[in-house]
Amino acid sequence: FRRAKKDNPDAVMVLTGCMAQAFPEDARRLEEADIILGTSNRKRLVPDLLAFLSARQRIIDIAPHTNDEKFENLNVENFTGRTRAFVKIEDGCNRFCSYCIIPYARGRVRSKPLEDLKAELAGLGANGYKEVVLTGIHLSSYGVDFPEDKKETLLSLIQAVNEVEGIQRIRLGSLEPGIITEEFVQSIAALPKMCPHFHLSLQSGCDATLKRMNRHYTTEEYAAGCDILRRYFDNPAI
């Protein structure tokens, strides 16, 4: 960061992301940063840039995460140089693993409303993107923040994406082993657009270590999930 400012003294330097959100005092001490922005109000980036260019005064714009925070819609229409689209459907995490700062840096689980997602995917499909990768901080928690009368799950979302015109292939980001149940796998295996590729999280092969990490599964449960995937998908990539 300091080298970049030294090599480009006239550049506007923006420090944003998890570090700024979780360690705001450390971020403030980086004097080369003209704008410091957290993770809860990223839409402020352009207004903050314009304000800095106008006044040339340092801007520190870090808003604390709140429990009733909503998903920040930052829709994308094109991915330069890519043939597949990466679409974020969830942010934040409620798990509080022993070693992880994500719940503090990214806040609690917030899910993208299904209708907003379908509209975004329809636009991507119309722009020629045939493959979509659904991503999130804790993908398996999609929908847990929705009210009961509007409840959705990762499964219901995938089923809805399967119906979007123009999208021909669906891939998933990192998954927790606990979501790999008989019902879930049998249901997604029935979807013609679902790619048999699964990034299944495994932090350790030792149950005692997993417990100390406050992970919510055992090695036996992980292996059982792999067996379920192999039962419904022919040679899945795990």
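Among contacts (heavy atoms within 4.5 Å) between residues at least 6 apart in sequence, 66% join residues at least 24 apart. The chain is a predicted model, where local features need pLDDT of at least 70, side-chain atom pairs count only at pLDDT 80 or more, and totals for chains, interfaces and linings use all residues. Residues are numbered from 1 along each chain as its sequence is written, and side-chain values use heavy atoms, with hydrogens and water left out.

**The whole chain**
- You'll find 10 helices and 9 strands here; these are DSSP runs numbered from the N terminus, with helices being H or I of at least four residues and strands E of at least two.
- The C-alpha trace spans about 60 × 50 × 40 Å along its principal axes.
- Of the 238 residues, 42% count as buried, meaning under 20% relative accessible area, with exposed being over 50% and partly exposed in between (1.4 Å probe, protein chains only).

**A look at helix α6**
- L114, L117, E120, L121, L124 and G125 are the buried residues of α6.
- They sit on the same side of α6 because they cover an arc of only 140 degrees around the axis, judged by the directions from the helix axis to the C-beta atoms.
- The buried residues of α6 pack against β4 (84–91), β6 (131–136) and α7 (154–161).
- On the face turned away from that buried side, α6 carries the exposed residues E115, A119 and A126.
- After α6 comes G128, with a positive phi near 100 degrees.
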